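Please look over the sequence and the model first; the sections after them take up one topic each.

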Amino acid sequence: MGKLYDAVMAVEREVERKGMDPFRARGQMSLELGFMVGLIDEDTPDDDEKLAALLKAAEKTLGVRITV
Amino acid sequence: MSIRAKVSLIIVAAVVLAATGLGWYLQATFASNLEGLAERAVENASADFEAQERADIAKLDSALQVMLTRSDIGELYEAGDKQALYDYVLPMFDQLKEEHSITHWYFEREEPDSTVFLRVHNFDKDGDEVPRSTYLAAVDTKEVGAGKDLGKTAFALRVVRPWYDDEGELIGYMEFGEEIGHFFEGMHEASGDDFALVIWKGRLDRDAYADFHETRDTEDNWDDYGEFVVMDNTREDEIILDESVDLEGIPDEGIVLETVDVDDGTYARGAFPIYDNAGEQAGVVFIMHDITEVADELQQTWTTVLIGIAVLGAVLLAVILLVLNSLVFGRLDRMVATLEDVSTRLLGGDYDVEGAITASGNDEIGKFEEFFGKFLDAVAQTLKGLAPK
């Protein structure tokens, strides 16, 4: 598993913890990122640029800083 | 700026423009009505003046014919005793003056002498010739000579008839006259309109005019009105006069001048030319017709209509905006909200979007909603196939 997938998992946990609508939360982050968060799986290769963008979008959408 | 704001602005501008145009049209119509009213007032005054002239000629002629049958007066005249004739007819003249506004009574010798034997209205003056058109017409035709004659000091209506003795021999001429001012008093009383008569100075005699006013102990107004003299005026002020008008260029049917507002109301003004018996223009009659009631009524109507237009415009505007909001903008707002929500959820992995977007009507917006719903469903099914299991 790569860092990108770990970050997605961390985001999922945070969404669940906050009781947010997971589809809406992921959708908003995808709009920020320009690619679908849901299409990232454990085989998706790491990409530092995508990872940075994901963390930034997560912070903006969820209001918390995600660390991986 | 949103489409809603742009469309609203265009509609507001269109309604305001239409209301302004309608208001302008109404104002122009009301102004035209007032001018028409003023034109009719001038036409009526001109016609009344002519009718008054005809009636007064008939009156003077009737009185004259009665006097011409009086052998007692004829005997005194033929005796050549001016004082005796004067003493005898003076009470009659006073009565005629009192009851019929007859202000001039002449006894004129037959031709070739053709001089004045007696002016009952001015005993001291006699022996002169009176080559006025009315007198000359009576001499030429041996019938009645009648009409408006401009003397040295005043404009008067005169009727002259040849005078025959019992044997049918011409012994002279008798003439009755009345000052035109009497016309205006009568017309003013009948119609309520005001009148002023102005005469060209060139048609009058300055010295005689000064003497005339000195004798009557009235104000000599020779220098008050440029090239003209105001002979009669039924108003106390001179608002009826308009010095800017080319008095020589006034057509026979008259003209309408500017409406004036004075303390006691709104008045239409006009003028028509006045001719002497020889057909030469001697001056102008100004008329002032009270249109206060009509002007106020029109103003009130105009104000009411304007308020009506404003209210109607506001209601129309509200209805148009409500209808537009209901048929277009409200639906667009709801459609945008739904599309944003469904699209966001789709990106978040909610692929069950079939039926999430339904057509809200069988029109342009409804067709777009139907199309986009199918498109999103197709995208959702494709993404669902790509998503990790």
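## Terms and conventions

A residue is called buried when its relative accessible area is under 20%, exposed when that area is over 50%, and partly exposed in between, using a 1.4 Å probe and protein chains only. Helices (H or I, at least four residues) and strands (E, at least two) are DSSP runs, numbered from the N terminus.

The model is predicted: local features need pLDDT of at least 70, side-chain atom pairs count only at pLDDT 80 or more, and totals for chains, interfaces and linings use all residues. Residues are numbered from 1 along each chain as its sequence is written, chains are lettered from A and ligands numbered from 1 in the order in which they are written, and side-chain values use heavy atoms, with hydrogens and water left out.

## Helix 3 of chain A

Helix 3 of chain A covers residues 48-62, and its 15 residues reach 21 Å from the first C-alpha to the last. This is close to the expected 21 Å, the expected span being 1.5 Å times one less than the number of residues. The buried residues of helix 3 of chain A are A:Leu51, A:Leu54, A:Ala57, A:Ala58, A:Thr61 and A:Leu62. Seen down the helix axis, they fall within an arc of 130 degrees (taken from the directions from the axis to the C-beta atoms), so they line one face of helix 3 of chain A.

These buried residues pack against helix 1 (3-18) and helix 2 (22-33) of chain A, where contact means heavy atoms within 4.5 Å. The face turned away from the buried side carries the exposed residues A:Asp48, A:Glu49, A:Lys56 and A:Lys60. At the N-terminal end, A:Asp47 caps helix 3 of chain A, with a side-chain oxygen 2.9 Å from the backbone nitrogen of A:Glu49. After the helix comes A:Gly63, which has a positive phi near 80 degrees.

## The interface of chains A and B

The size of an interface is often given as the accessible area lost when the parts come together. Chain B and chain A bury about 1100 Å² between them, 65% of it on carbon and sulfur atoms; this area is the loss on being put together, summed over both parts, with a 1.4 Å probe. Chain B gives 13 residues to the contact and chain A gives 14.

Two salt bridges are found across this interface, a salt bridge being a side-chain nitrogen of Lys or Arg within 4 Å of a carboxyl oxygen of Asp or Glu. In one of them, B:Asp341 pairs with A:Arg24, with the closest N and O atoms 2.1 Å apart. On the side of chain B that touches chain A, helix 7 (292-347) and helix 8 (364-386) of chain B each supply at least two residues. The largest share, five residues, comes from helix 7 of chain B.

## Salt bridges within chain B

Over all chains, the structure holds 27 salt bridges. One of these joins the side chains of B:Lys148 and B:Glu53, at 2.7 Å from N to O. B:Lys148 lies in strand 3 (residues 145-150) of chain B and B:Glu53 in helix 1 (residues 3-68) of chain B, so the pair ties together parts that are 95 residues apart in sequence. B:Lys148 is buried at 10% relative accessibility, and B:Glu53 is buried at 14%.

Another salt bridge links B:Asp56 and B:Lys59, at 3.7 Å from N to O. Both residues lie in helix 1 of chain B, three residues apart, about one turn of the helix. B:Asp56 is buried, with a relative accessible area of 6%, whereas B:Lys59 is partly exposed, with 22%.

Key:
A polar contact is a pair of N or O atoms within 3.5 Å; within protein, one must be able to donate a hydrogen and the other to accept it, and residues adjacent in sequence count only if both atoms are side-chain atoms. Buried area is the accessible area (1.4 Å probe) that two parts lose on being put together, summed over both.
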